[in-house]
Amino acid sequence: MDDQAWYLRTSKLALAVAIIRSKPADKSSREYTEHLAKVVSEQESTWRSKVEALETEVLQLRQKLLLSRMCSGLLETGDPSSQFQAQEPSSSENTLNLLEDSGCDLSNEQRSEPSEMSQNFVESCTPTPPLPLPIVRRHCATLENPLSSHMQFLQHLLELKNLTESGSLKTDLSHFENDFSTVSHSVCQLLDGLIAFYRKPKFPFSSFWTEAVNTLAGLISDCNLSNHILKKCSKKLEEFEKTLLQVILRSNHINRFQVQHHVSQSLVTLGSCSLLRKSIISQLLSEVNSFTDILGTINQVQASYVTHYENIFSLFWVMEQLLQKETQEGNTSGIGPEDQEIQKFLQKHDETIFQLSDAFPLFTFYLWRLGILLNSVETVK
């Protein structure tokens, strides 16, 4: 027996002796041990909650600091000698006051147009005194939603990035790339919330979830931010894609088509990013290939497959949208026959249509359309 195992056994024995000696007279050793375990568990839960609250607070402070530094850098661009010196949030009261705003307009005001925002920003960039950077107010969830702060930060970040890359305001923000770990952490938090919601979606959907997916797609479409996000969040992104896919396939309630339409649109939004499109199409084709194999063994849709058969058409719609976009963009995501699922689909395409056309004419019609779209993508490579 090594020293570590011996010390562990000795510690356990000492703990057992201490419990027996200190137990109240009206309780057995077992009851007293269970009582102590419950007390320790409650304390651990309390401390864990405190740690999570502190981690959230630290992340929010890092978000404010990053935005504050970016705003300060933008406001200094009028001075040629400025080199985006990092500033603490306290160095600009106006900027900090802006960042402390919730960003959630709960009134019925109309959202500001991006062009109006840019014009206001240009007017506000007078050399002296520097005015606070106006950020577009968005309609989003109430502050009780723990994801609101992450959504607000990520939306503001995208707006700042768009401003710095347009016209006379074109500015290099590469100085802040070392701080972009805050972005990836915020995206991970947002993805956790999205995954939790879509595993048990509630209809009607709040516009918050649609806007969250749009924001996520915008971040990943940014060539600089996407590198940081994909390094840290690739597994969570894949999990989110699979979650959306399973929501479509497993829905079996009466009003599922409304839910499926919303979730399908979310998949299309994610697939608008060329970096994600290939993996989404591969996952969709994997499901289609598997179900095609099942249909090949039966002559008609059996009761156990009716719901799955109806749901598969939502996947067809998503794939058509993504493949059409891929063709329009010139195969930017690199879809090709080397993909295992695409290869399997195309190899059996004609044979499958011939085999299933009598029993499942609508299904084979969609297979035929997918084959045309996949071949069209191939020709634009």
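Which residues touch the most other members of the largest nonpolar core? The legends below take that up, after a word on conventions. This is a predicted model, in which local features need pLDDT of at least 70 and side-chain atom pairs count only at pLDDT 80 or more, while totals for chains, interfaces and linings use all residues. Residues are numbered from 1 along each chain as its sequence is written, and side-chain values use heavy atoms, with hydrogens and water left out.

**View 1. The overall fold has 14 helices and zero strands.** Helices (H or I, at least four residues) and strands (E, at least two) are DSSP runs, numbered from the N terminus. Of the 381 residues in the protein, 41% are buried, meaning under 20% relative accessible area with a 1.4 Å probe and protein chains only (exposed is over 50%, partly exposed in between). Take the contacts (heavy atoms within 4.5 Å) with a separation of 6 or more: 75% of them join residues 24 or more positions apart.

**View 2. Here is the largest nonpolar core, with 76 residues.** Such a core is a set of buried Ala, Val, Leu, Ile, Met, Phe, Trp, Tyr and Cys residues joined through side-chain atoms within 4.5 Å. Val183, Tyr198, Phe240 and Phe363 touch the most other members. Helix H8 (residues 225–250) gives the most to this core, with ten residues. Zoom in on Phe240 and, leaving aside neighbours within four places in sequence, you will find Leu191, Leu194, Ile195, Tyr198, Val213, Leu216 and Leu270 in contact with this residue.

**View 3. Helices H9 and H10 cross at roughly 130°.** The axes of H9 (residues 256–271) and H10 (residues 274–295) come within 7 Å. That makes H9 oblique to H10. Axes are lines fitted to C-alpha atoms, for helices over the stretch in contact, and angles run from 0 to 180 degrees between N-to-C directions. Angles under 35 degrees count as roughly parallel, over 145 as roughly antiparallel, 65 to 115 as roughly perpendicular and the rest as oblique. Leu267, Leu270 and Gly271 in H9 meet Leu276, Arg277 and Ile280 in H10.

**View 4. Asn311 sits in helix H11 (residues 306–328).** Asn311 counts as buried because its relative accessibility is 0%. A polar atom of the Asn311 side chain lies 3.3 Å from the backbone oxygen of Ile248. Not counting residues up to four places away in sequence, Asn311 touches Ile248, Leu249, Arg250, Ser251, Arg256 and Gln260.

Methods:
Polar contact = N/O pair within 3.5 Å; in protein donor to acceptor, adjacent residues only side chain to side chain.
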